[in-house]
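I have grouped them by region.

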Amino acid sequence: MRFTTVDLREQRALTVLRDGSPNFFMNLGAIAAGAFQYVLVEDQFPKARKYQPMMSIVITNNSGENVDLQVNGQDYAKLPAGVIWSDTESPIWSFKIINNDATNVAANEISVNLSSPPMSQSEYTRYRTLYS
């Protein structure tokens with residue numbers, strides 16, 4: 001049996017859904033008071049393109065500053081100092097960390113981990129039954 005390009009794309013998409021993606025981790029640089037750092041996922045992590053959109057984000061704010069988070073250009077959350085925050089409910093194409101505090105965030109005090117989690121076995125079986 002010969003596969004077409006469409007068949008190969010469908011098979012790859014199913015594999016990504018089944019297995020999820022690797023973790024894409026980064027430490028943010030220094031962010032001055034009132035400034036921000038913007039991250040476009042496909043530019044920062046070229047290998048993430050085949051897994052987009054990322055569906056899980058974990059941000060660790062080890063700084064002493066309160067920061068705001070925007071996801072895909074929309075205000076999303078306030079991240080107080082010293083907190084670990086996560087979300088698995090929304091697709092993430094880009095994000096921006098805004099330092100609204102009076103002091104600077106030092107480099108490597110805020111870390112971000114992005115991924116697309118795998119499907120559960122029951123979800124995968126249901127999907128394969130419906131669309132195969």
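1. A residue is called buried under 20% relative accessible area, exposed over 50%, and partly exposed in between. Tyr76, at 33% relative accessibility, therefore counts as partly exposed. The model is a predicted one, and the points below should be read with that in mind.

2. Tyr76 forms an aromatic pair with Trp85 that is edge-to-face, with 5.9 Å centre to centre and 90 degrees between the planes.

3. By the ring-centre rule the count comes to 3 aromatic pairs. Phe24 and Phe45 make a tilted pair, 5.5 Å centre to centre and with 50 degrees between the planes. This pair links distant parts of the chain, since Phe24 belongs to strand β1 whereas Phe45 is in the loop between α2 and β3, 21 residues apart. Phe24 counts as buried because its relative accessibility is 9%, and Phe45 is likewise buried, with a relative accessible area of 9%. Together with Tyr51, Phe24 and Phe45 form one aromatic cluster.

4. Which residues have the most contacts inside the largest nonpolar core? That core has 26 residues, and the ones in question are Ile59, Phe95, Ile97 and Leu114. The elements giving two or more residues to this core are β1 (24-27), β3, β4, β5, β7 and β8. Phe95 is in contact, beyond its neighbours within four places in sequence, with residues including Met26, Val39, Ile57, Leu69, Val71, Val112 and Leu114.

5. Ile57, found in strand β3, counts as buried because its relative accessibility is 1%. By contrast, the C-alpha atoms of Ile57 and Thr129, which are 72 residues apart along the chain, are separated by 30 Å.

6. Strand β4 deserves a separate look. Because 5 of its 5 residues are buried, β4 is largely enclosed by the rest of the structure. Val67, Leu69 and Val71 point one way from the strand while Asp68 and Gln70 point the other way, and all are buried. The strand is joined to β5 by 5 bridges, the two running antiparallel, and to β7 by 5 bridges, again with an antiparallel course. Asp68 illustrates both pairings, with Lys78 as its bridge partner in β5 and Ile98 standing opposite in β7.

7. With a relative accessibility of 32%, Asn72 counts as partly exposed. Asn108 has a phi near 70 degrees and is placed in the loop between β7 (94-99) and β8 (110-115). Asn108 counts as exposed because its relative accessibility is 52%.

8. The peptide bond from Gln52 to Pro53 is cis, with omega near 0 degrees, and Pro53 is found in the loop between α2 (41-44) and β3 (56-61). Apart from neighbours within four places in sequence, Ser116 is in contact with Gly20, Ser21, Tyr51, Pro53, Met54 and Met55.

9. A last point concerns a charge over a ring: Lys96 lies over the face of Phe36, at 4.3 Å from the ring centre.

Note on methods. Residues are numbered from 1 along each chain as its sequence is written. This is a predicted model: local features need pLDDT of at least 70, side-chain atom pairs count only at pLDDT 80 or more; totals for chains, interfaces and linings use all residues. Side-chain values use heavy atoms; hydrogens and water are left out. Helices (H or I, at least four residues) and strands (E, at least two) are DSSP runs, numbered from the N terminus. Buried means under 20% relative accessible area, exposed over 50%, partly exposed in between (1.4 Å probe, protein chains only). Two strands pair if DSSP finds at least two bridges between them. Contact means heavy atoms within 4.5 Å. A nonpolar core is a set of buried Ala, Val, Leu, Ile, Met, Phe, Trp, Tyr and Cys residues joined through side-chain atoms within 4.5 Å. Rings of Phe, Tyr and Trp (its six-membered ring) pair if their centres lie within 6.5 Å; planes under 30 degrees apart count as stacked, over 60 as edge-to-face and the rest as tilted. A charge sits over a ring if NZ of Lys or CZ of Arg is within 6 Å of the ring centre and within 35 degrees of the ring normal.
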